[in-house]
Amino acid sequence: MSALEEEQFETLHELLRRCYVDCRRSFYGEHGDVYESSLVSVMEALNNLGEVQPTAEIFSRIRRLVTALDVLGEGRHGDSLVDLLRHVRAANVDRVDLLGFAGVRHVRRGNHRRAEDMFVESIEAARASGDRDAIAKAQANLIAYKAKWSILSDESLEEEATSTRPEVQLRLVAARFNLALTRGDIDAMNEAFKEIAAIAQSATTDADAPSEQFSRALAFSLITCFNALTGIQGSQYPGGNLAKVVDVLAQREKTVFGPNGPEGLRSKVTNVIYEFRSSLKNERLEALAAAVDSLRALSTFAFLEFGPESPESVLLACNAAVGDLEVARRRGDLVQLRMASRALEQVARAARTRLGSEHLIAMTATSNAATAAFDIARATRDVGDLQVAEEMLTIGLVGKATYSPLALILRRQLLKCQSIMSGDGEFRGGAGSIAVLAPAAEEPGIDSEFYDAAFVATLIGSDRPAVLSRRDEIAQTYQAIGRLADAVALLEANSADYERLLGPEHPDTLSSRNSLANAYRDLGRHEDAIQIYEANLADRERLLGPEHPDTLSSRNNIAVAYWDGGRLVDAVGLFEVNLADCERLLGPEHPDTLSSRNNLANAYWDFGRYTDAIQIYEANLADRERLLGPEHPDTLSSRNNLAGSYRAIGRYAEAVRLFEANLAMYQQLFGPDHIATVRSREKLSQARSGQPAVPDS
Amino acid sequence: MGHNAAAQLLSADSVHIGGGVLLTSYLVVTANHCLRNAQIGDSIDIRIGGEPVIGKLVERAVLHDLALLEIPRPMPPVESAYARRGDAWFGPVRRNMTDPELSGTVVGRLEYECEAGGSLLAVQLVTLVDIGQYEGYSGGPVYRLPEENPAAIGVLLEQFPDQGSPRNTNTLFAACISEPFRLFRRLSYAWLVSELLSHNVDKNHGQSRTSSSNSVSGADADDRKIFDIAVDALETSMLDADAQDVIVARVGKSAMMPTDELR
């Protein structure tokens, strides 16, 4: 190093130091924008370097100064400084760090396109330098960046990307986690998560306490990885108190970095999404609604801060729309549900335009929108709804290959949707279904992959919770098409696996047991069903509380099973309790409450309490006509029930009037030859001829 | 909303002993001298937004006159902000609602030497209501206006100078709202990591196990300025494991079985 260079460096050092100190003084608010003039000197000195190559020490000071400007809220000055740096000569290793730093900074400032360029250049510089740590870091950055913003990645880590430094190790494992995430490989994600926990464990038990920065990285890695896992497999945090940690972390980031800067906002995003996630499971409606409100508020904020095209904005908007939908679903409000579904569809479309249709956020939003449309269509069987659902499902299936579990669900839904449209069958599942189920599996055009025995067998071999829920779906389909024994076999295996993998008290384990009991009931194995239902009810009362919707549903299930098995007194008692709970907790007009009321009436009827039963049927029909419309399948059912009761007690004229109304609607909905229409016609003619009731099965 | 995070601390016989502010959903920060008679682990009656809760004294920063209490169930924490010179402020917590509410202007932030000996980033305040003696206001939050969207900028600590007379009776000092994060072990990243890793360890054991590894951010040990901490953390915040928050596929499992019509 020449004497001239040495002098130059010394001056630069001093300028950088002074500028940093001035930033700090400005930050404390005592001296206005005192840093501005010293920043000008720094820029001049950097411009005058010419062919001289600064030391690593100088670069690190410059990075620190840029960050100080960011903390100060003067990011635009930081931008100019970073731009200037790109023209300064640097050794390859320094350039790797510099470009990586610039990339991370661009991400933080919401400038994603420039960030990616920086990361790619940084990898090139790292390869040129041949330094293993540098290559590892640079690659990990690009992978982490892509995964963070859900850009499906073809990257992979190079073999030589290894390191003995825990900081770099963490980054590498995190990159592997992210790769697994975009590929949907849950086993690999769990593996990486464990490794991160191990790195954290050894850091905290190390004689030297970890640095503050490393601890921060560890805390965020653990939480964000776990958040991703929850989203996919609904797992519960294995270790300590997650909720409290997330809370402190969010407040800490917000307070230390200032509440409105990108960094504070970022931690808010994590926190709000975490809260939303938790509220989706096992919580009351108010908590969910509040979480959705926070999502929406933050979404507006992100829109202003990062712009409409940033993944943050899109992600928040998508989650808020999903939240609205869930609120509507829990309220059982069809009008609201339709609106929420439309809104989600629009958000999904925006996500595809802004992030590209292969982007994981866009894909997930699209498939959520499709599923929502499908749920509505299945409930209403409205032709318009069905067409919307079909269209959405078809869009959702574009680009499915990289995320096959999702595609599988969509394909099955599309199949069902088309099946309903062609009037071949209704997929409501369970013995209570009013329609005859077509042997869908033998129909031409059915996706054979779904029923393929070999395919199902590969699923049975797997230990992934995500696969288990696919098996649930298949079992439901078996049930719907009448392959009850196959459904039971699958559900028995599933319920055992859930218990083994998630533990006996996990909500998903309880759900899977419930599905098994439903299948037993369909098969006529009432005692087996009742045994499971009773255990399940006890578990849910203990774990979820006596007023949780799942607990109500459990109680209803037992009552139905009692009734099936001929235990009428027990059934009536339980139905009465359940109806009172539904009315109190869900409200008197909630669809589940209406169903529960109808179930009670059925039990009254079989018990011989005809007047009580008829009174409820009459009220229920009026409610459903008003709330669901005259052609809704549940309304048709209600009308059928009331008409049947009238006929049974000899009130033929009223029975005929109702059966006529129903027949007209069946004809219009399903055509003259559909089995439901045919049955309806038979009933009408029986009522006309004054035949007394013949109990339907 | 911000007002609801203001807390009032009461003695065993329900006498007001100071103010506090809900810094996170579970943690109330107050002035340590308000709790000079309490021990770590003691229960303190607290009122937060009018609601009674029992807080437990969990950590002190003696030199910086701050203390931390844990409450058993989460409540919405305070929104915070940096104080700027000239901000209008108010402090709603006081002994009786009939006592005057403090309000005034922010003079600025400075590195301040507490009476207790430590040095911290403080907000210097002047009050419009000169009442000479500000006992009973300590520990309470200092909010920045506007009132409909208040943000806490500090925790009231002392008046200036507190030793000897004559007193400059309208100058008050509050710890900057970010200081507790620098000073308390419980709010440090290292503590959070060990919390994440503790596998259902009984809390008391957990504390003794993790405390040895936390000397770096131990209270009073580290007098680095919050600005440097922020710069450090931000500069090295690589993307690390920031896995994205994937949208949740709807989890609604077939919980409600078909309850419809069986006739």
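Predicted model: local features only at pLDDT ≥ 70, side-chain atom pairs only at ≥ 80, totals over all residues.

Mentor: In chain B, strand β5(B) and strand β6 (residues 66-70) run antiparallel and are joined by five bridges.

Trainee: What makes β5(B) and β6(B) count as paired strands?

Mentor: Pairing asks for at least two bridges, and β5(B) and β6(B) have five. One bridge partner to look at is B:L66 in β6(B), which faces B:A61. The two strands form a hairpin with four residues between them, and B:D65 in the turn has a positive phi of about 55°.

Trainee: Which strand pairs with β4 (residues 43-48) of chain B, and in what sense?

Mentor: Strand β5 (residues 51-61) of chain B does, in the antiparallel sense over six bridges. B:I48 has B:E51 of β5(B) as its bridge partner. Here the hairpin has two residues between its strands, and B:G49 in the turn takes a positive phi of about 55°.

Trainee: Now chain A. How many helices and strands does chain A have?

Mentor: Chain A has 31 helices and zero strands. Of its 697 residues, 56% are buried. Its accessible surface is about 27,400 Å², and carbon and sulfur atoms hold 51% of that.

Trainee: How do you know that the span of helix α3 of chain A agrees with its number of residues?

Mentor: Helix α3 (residues 56-71) has 16 residues, and at 1.5 Å a residue it should span 22 Å; its end C-alpha atoms are 23 Å apart, so the two agree. Just after α3(A), A:G73 takes a positive phi of about 85°.

Trainee: Which residues of α3(A) are buried?

Mentor: Among them are A:I58, A:F59, A:I62, A:L65, A:V66 and A:L69, and the list also includes A:R63 and A:D70.

Trainee: Why is the contact between A:E57 and A:R61 called a salt bridge?

Mentor: The cut-off is 4 Å between a side-chain nitrogen of Lys or Arg and a carboxyl oxygen of Asp or Glu. The closest N and O atoms of A:E57 and A:R61 are 3.1 Å apart, and the pair forms a salt bridge. The background is that side chains of opposite charge can pair when their charged atoms come close. A:E57 and A:R61 are four residues apart in helix α3 of chain A, so about one helical turn separates them.

Trainee: What is the distance between the closest N and O atoms in the salt bridge of A:E345 with A:R349?

Mentor: That distance is 3.5 Å. Both residues lie in helix α15 (residues 334-355) of chain A, four residues apart, about one turn of the helix. A:E345 has 13% relative accessibility and therefore counts as buried, whereas A:R349, at 45%, counts as partly exposed.

Trainee: How many salt bridges are found over all chains?

Mentor: The search of the whole structure finds 31. One of them joins the side chains of A:R525 and A:D528 at 2.8 Å, N to O. Salt bridges that share partners also join A:E583, A:E589, A:R597, A:D623 and A:R626 into one network.

Trainee: How many disulfides are there over all chains?

Mentor: The count is zero. A:C19 is in no disulfide, and its nearest cysteine sulfur, that of A:C23, is 4.7 Å away. At 0% relative accessibility A:C19 counts as buried, and A:C23 is buried with a relative accessible area of 0%.

Terms used. Residues numbered from 1 in each chain as written. Chains lettered and ligands numbered in written order. Heavy atoms only, no water. Expected span 1.5 Å × (residues − 1). Buried < 20%, exposed > 50% of the residue type's maximum accessible area, 1.4 Å probe, protein only. Areas by Shrake-Rupley, 256 points an atom, 1.4 Å probe, with all protein chains shown as cover. Disulfide = S-S within 2.5 Å.
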